[in-house]
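Please open the structure in your viewer and keep the selection tool at hand. The stops below are to be visited in order.

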Amino acid sequence: MSRADRRHLRNGLLFASPYIVGFLVFVLYPIVASLYYSLCQFNVINPPVWVGLENFQTLFTEDPLFWKALYNTLFFTAFSVPLSLVFSLSLAILLNQKVRGMAGYRTVFFLPSIVPIVASAVLWLWVLNPESGLINGMLRQFLGVDGPGWIADEHWAKPSLVLMSLWSVGGAMVIFLAGLADVPQVLYEVADIDGAGRWIKFRHVTLPMLTPTILFNLIMGLINAFQYFTQVYVMTGGKGGPVDSTMFYALYLYRNSFYYLRMGYASAMAWLLFVVILAATLLLLVTSKRWVHYHGE
Amino acid sequence: MASRRHSPWRAHVVLVITSLLFLAPFVWMLSTSLKHESRIFPKPGKPPQWIPTTERLDDQGRRLVMHQGREGVETGRDERGRYLLDIEGETIAAWPEDFEIRQKVGLHWRNYPDAFQRIDFFRNLRNTLFICFTYVIGTVLSSSLVAYSFARIPWRGRNAMFVLVLSTMMLPYQVTLIPLFAVYSKLGWVGTFKPLVIPAFFGVPFYIFLLRQFFLGVPEDLSAAARIDGCNEFGIYWRIILPLSKPALATTALFTFLFEWGDFLYPLVFLQDERQYTLALALQQFQSQHESAWGPLMAMSTVITIPIIILFFFTQRTFIQGITLTGLKG
């Protein structure tokens with residue numbers, strides 16, 4: 001190693017040292033500890049007691065609420081992620097038409113996604129209020145029908161949250177807008193020469209060129225949906241009601257750790273969540289080779 | 001785009017309708033926050049009221065009423081509970097459904113001071129700002145140092161380390177939260193601001209990534225010239241790279257501020273005493289205790305949302321660029 005190399009190594013490590021320390025203390029140690037706790041009974045007050053795979057066994061065979069939470073989370077993810085994707089892409093395409101006032105519309109669509117989640121959750125609790133809320137009020141006024149109980153109704157609670165998630169697609173929309181701006185204009189000109197219509201151009205130019213952006217938004221959406229917590233905590237007072245219909249995975253995990261102090265059990269849940277997120281992301285990345293086109297390929 | 005030549009008015013119609021749908025909850029929030037308790041729950045069969053109203057009174061404080069198309073005032077009740085109305089000198093006894101109390105636009109500002117009193121607003125605001133600013137300073141300083149190392153110093157192993165940084169972004173917070181809670185409670189940090197701000201001083205992966213991407217774009221010649229002038233590595237970082245990276249630093253500061261302003265989970269887990277609550281946590285706690293105090297609740301939601309909206313209006317460009325940078329160059 002030359003003197004310059006040694007100097008670079010020393011400087012490099014010095015500059016990176018905050019992260020190296022941070023990684024050891026705030027990431028590596030917790031990962032190892034969490035793995036250990038997941039094999040223990042642990043309530044923070046007393047030292048952990050080794051129980052082997054018992055936590056996982058209980059989760060899989062004796063805890064119906066775990067399965068319910070998993071089902072709820074998958075249900076929410078299965079609807080909210082694709083719908084948000086289609087919705088944010090549609091908004092971006094609408095805005096990309098160089099319409100007048102585009103910046104204003106963009107601001108309007110983007111604002112809900114930067115509102116503090118607690119505030120938007122409290123607001124939506126009121127908007128979705130069965131008797132006096134805005135939505136049911138409008139339904140009565142314009143259609144003369146009595147709306148459902150939304151978040152207060154066991155069967156409507158999850159669809160309510162999906163609806164609410166569509167209000168905050170602004171971030172994904174802005175990313176799509178950037179993706180649209182990156183599509184080489186010449187491709188449309190070539191398509192024009194070939195006499196392609198709007199649909200053909202969307203299907204064979206816009207959509208293929210956007211696939212990297214779609215993949216990015218899809219992965220981010222998936223990760224966020226699996227960890228959906230604050231909205232449902234605020235809107236159900238941390239209970240996941242009615243009748244556990246909004247008991248999401250992250251909420252049940254939180255309750256296990258900080259209500260029941262079953263930290264070992266909750267750690268086991270955290271690891272399962274990690275595995276699921278990792279598997280879903282890897283699956284998307286692997287299959288993406290078939291449907292994602294990178295520029296220049 | 002392809003549709004540029006096609007009727008833009010159709011796009012406008014769709015955009016206007018969608019915009020109204022997006023704005024409606026905000027307007028509803030503001031409107032409710034300015035309504036008296038008696039106006040918040042609409043009477044059965046009445047449509048939602050967008051503009052807050054109040055009763056019109058005459059100069060003696062009597063309510064103005066409308067009875068069968070004629071105006072008058074309400075003077076009292078009779079022994080059967082009917083309302084006595086003075087309509088053009090004639091006294092009429094009527095049940096509430098038979099006449100209308102006249103209304104005018106009336107904003108009920110009381111919800112705001114009420115909300116401020118019911119939570120310890122200014123203390124919560126101070127807590128939130130303290131956490132936000134400390135977190136911003138910590139993140140900007142530490143993340144830019146680390147990003148400099150990854151972008152500008154060619155040391156062996158830096159690529160492997162950078163991959164490590166990126167891969168930790170995949171780790172769900174649930175995995176690390178419990179052990180950290182255990183450690184913090186041993187250290188006596190639970191119930192203080194320490195767990196909320198100290199990690200910021202050790203580099204935040206997302207911003208390390210963002211700043212690295214930006215630093216990579218600064219021409220190497222500048223560093224080389226500074227080095228010839230006798231500048232050491234820290235001098236280059238501090239005097240060359242940082243001043244040239246203001247947009248990226250601003251994006252980092254803005255995003256962290258915004259995130260911390262609205263953060264809920266970490267304050268929920270680590271703060272215990274009401275006197276330490278952040279605004280977001282205080283709002284949730286207030287909501288869980290007063291489920292139908294919608295006036296003060298909406299006032300509080302408005303107050304915690306407005307600064308963010310104002311901030312956004314002044315920093316829109318930084319904002320949009322930042323999101324684009326993180327979203328696409330990944």
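A crossing of helices is called left-handed if the near helix is turned anticlockwise from the far one by less than a right angle, and right-handed if clockwise. The model is predicted, so local features need pLDDT of at least 70 and side-chain atom pairs count only at pLDDT 80 or more, whereas totals for chains, interfaces and linings use all residues. Residues are numbered from 1 along each chain as its sequence is written, and chains are lettered from A in the order in which they are written.

First, select residues 121-152 of chain B, helix α4, and residues 246-262 of chain B, helix α11. Helices here are DSSP runs (H or I, at least four residues), numbered from the N terminus. α4(B) passes α11(B) in a right-handed crossing. Among the residues that make this contact are B:Tyr135 and B:Val136 of α4(B), with B:Phe257 and B:Trp261 of α11(B). Two residues are in contact if their C-beta atoms, placed from the backbone, lie within 7 Å.

Next, colour the two chains separately. How many residues of chain B are in contact with chain A? There are 79, and they meet 79 residues of chain A. Select α14 (294-328) of chain B: α14(B) gives the largest share of this side of chain B, 15 residues.

Finally, select A:Gly12, in helix α1 (residues 3-37) of chain A. A:Gly12 counts as buried because it has 22 C-beta neighbours inside 10 Å; the term requires 20 or more other C-beta atoms within 10 Å of the residue's own.

Terms used:
Axes fitted to C-alpha atoms, helices over the stretch in contact; angles between N-to-C directions. Helix = DSSP H or I, 4+ residues; strand = E, 2+ residues; numbered from the N terminus. Buried ≥ 20, exposed ≤ 12 C-beta atoms within 10 Å, placed from the backbone.
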